Amino acid sequence: MSASPSSTPLRPSRRIDAVDLARGTALAAMAAYHGLWDLGFLQLTPQNYALTPPGRLAAHGIAGAFLLLVGVGLVLANGDGVRWRLFVLRLARIGSAALLITVATRIAFPQSYIFFGILHCIAVSSLLGLPFVFLPAWVAALTAVGVMLAPHVVAHPLLDAPEFYFLGLGRGLPDSNDWVPLFPWFGLVLAGITLARLLRPRLAGSALAQWRARNPMARGAAFAGRHSLAVYLVHQPVLLALLTGLVTLTGPHPKAGLANFRKDYVAHCTRTGGEAGACRIAARCTADALRREGLWGSGKPYSVEERAKAQGLSQRCYEAAEGTAAPP
């Protein structure tokens with residue numbers, strides 16, 4: 001797969017700043033998204049906006065940008081022949097970081113730890129994508145389409161097993177803080193490979209290849225892009241530490257969890273035979289009553305007495321919503 005030294009063209013000594021800048025921009029977007037997630041997790045905002053449909057759409061766009069750039073980077077680094085030592089070292093660094101993330105999140109978030117997140121996907125996709133750097137671009141393009149369509153057309157009971165969640169072809173959705181399965185996400189890496197294969201002949205000597213980051217912001221973003229793995233590993237612990245310090249000073253947002261509480265209340269109420277309209281009214285009434293009685297937002301499990309009091313408030317709110325009693 002590697003070319004002989006005599007047949008390998010000289011590679012430029014400098015990286016392409018535009019690619020590093022793109023990677024750094026994606027890192028900034030990722031940090032902003034994680035900051036939004038942290039605000040919701042620490043209850044500094046009324047709800048976790050990172051988990052809303054627009055937030056999830058943004059997360060998918062950021063992950064897609066990273067994986068597209070992985071494919072581009074594979075071609076730029078190995079298109080003239082695989083530099084095995086650098087490739088293996090890079091793969092080892094990413095794989096080790098992915099393992100570290102799994103261990104750390106298994107300790108911190110045992111119910112939703114990261115078993116196959118963005119780093120895991122990048123490591124495996126880099127290995128799987130390497131042959132496509134040398135195959136015709138149309139092969140990579142067609143494979144990319146197939147990989148991205150596979151979750152919609154492939155189905156088998158065996159693929160529903162948790163052991164195969166990393167593939168993304170089952171019907172189950174694992175509870176994980178970062179889940180980036182191979183299907184469809186490996187398709188984005190292949191799309192990046194296709195793009196780079198098509199544009200690389202025109203890149204040499206172009207204005208894009210010769211452009212250099214000059215102003216401080218562009219230089220900072222390009223620097224971060226060149227050291228993206230280190231930035232990825234460091235930024236989230238720093239953000240969590242800073243925002244944890246903030247929440248100890250300010251306390252949680254007074255309406256934190258309110259929307260989820262009402263949603264869960266209505267779902268449970270209607271599931272147990274309540275009328276939908278009355279359940280919605282009772283949900284608002286119960287939330288107000290719990291806050292008024294000091295039973296909201298403590299973060300601690302209720303005592304037996306507190307649980308009985310909360311249940312009584314809920315019951316009176318529902319009866320009032322039905323018109324059979326006065327609100328508390």
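User: How are helix 5 and helix 6 oriented relative to each other?

Analyst: In this predicted model, helix 5 (residues 137-153) and helix 6 (residues 182-203) have axes 7 Å apart and pack at an angle of about 160 degrees. Angles over 145 degrees count as roughly antiparallel. Helix 5 and helix 6 are therefore roughly antiparallel.

User: How do the residues of the contact of helix 5 with helix 6 divide into nonpolar, polar and charged?

Analyst: On the helix 5 side, the residues include Ala140, Ala144, Val147 and Met148. Helix 6 brings, among them, Phe183, Phe186, Leu190 and Arg197. The contact divides into 17 nonpolar, 3 polar and 1 charged.

User: Which kind of peptide bond joins Phe183 and Pro184?

Analyst: Pro184 has its place in helix 6. Most peptide bonds are trans. Between Phe183 and Pro184, omega is about 15 degrees, and the bond is cis.

User: How is helix 1 oriented relative to helix 8?

Analyst: The axes of helix 1 (residues 17-41) and helix 8 (residues 216-226) come within 7 Å and cross at roughly 85 degrees. That angle makes helix 1, relative to helix 8, roughly perpendicular.

User: Which residues of helix 8 make the contact with helix 1?

Analyst: Helix 1 contributes Asp17, Asp20, Leu21, Arg23, Gly24 and Leu27. Counting both helices, the contact has 6 nonpolar, 2 polar and 4 charged residues. From helix 8 come Ala218, Ala221, Ala222, Ala224, Gly225 and Arg226.

User: How many residues of helix 4 are buried?

Analyst: Helix 4 (residues 118-129) has 12 residues, which should span 16 Å, and its end C-alpha atoms are 15 Å apart, which agrees. Its buried residues include Leu119, His120, Cys121 and Gly129. What covers the buried residues includes helix 2 (53-78), helix 3 (84-108), helix 6 and helix 9 (228-250). Helix 4 is mostly covered, and the number of its 12 residues that are buried is 9.

User: What is the phi of Gln43?

Analyst: Gln43 is found in the loop between helix 1 and helix 2. Gln43 is partly exposed, with a relative accessible area of 34%. Most residues other than glycine have a negative phi. Gln43 has a positive value instead, near 60 degrees.

Notes:
Residues numbered from 1 in each chain as written. Predicted model: local features only at pLDDT ≥ 70, side-chain atom pairs only at ≥ 80, totals over all residues. Heavy atoms only, no water. Axes fitted to C-alpha atoms, helices over the stretch in contact; angles between N-to-C directions. Helix = DSSP H or I, 4+ residues; strand = E, 2+ residues; numbered from the N terminus. Parallel < 35°, antiparallel > 145°, perpendicular 65-115°, else oblique. Contact = heavy atoms within 4.5 Å. Nonpolar A, V, L, I, M, F, W, Y, C, P; charged D, E, K, R; others polar. Expected span 1.5 Å × (residues − 1). Buried < 20%, exposed > 50% of the residue type's maximum accessible area, 1.4 Å probe, protein only.
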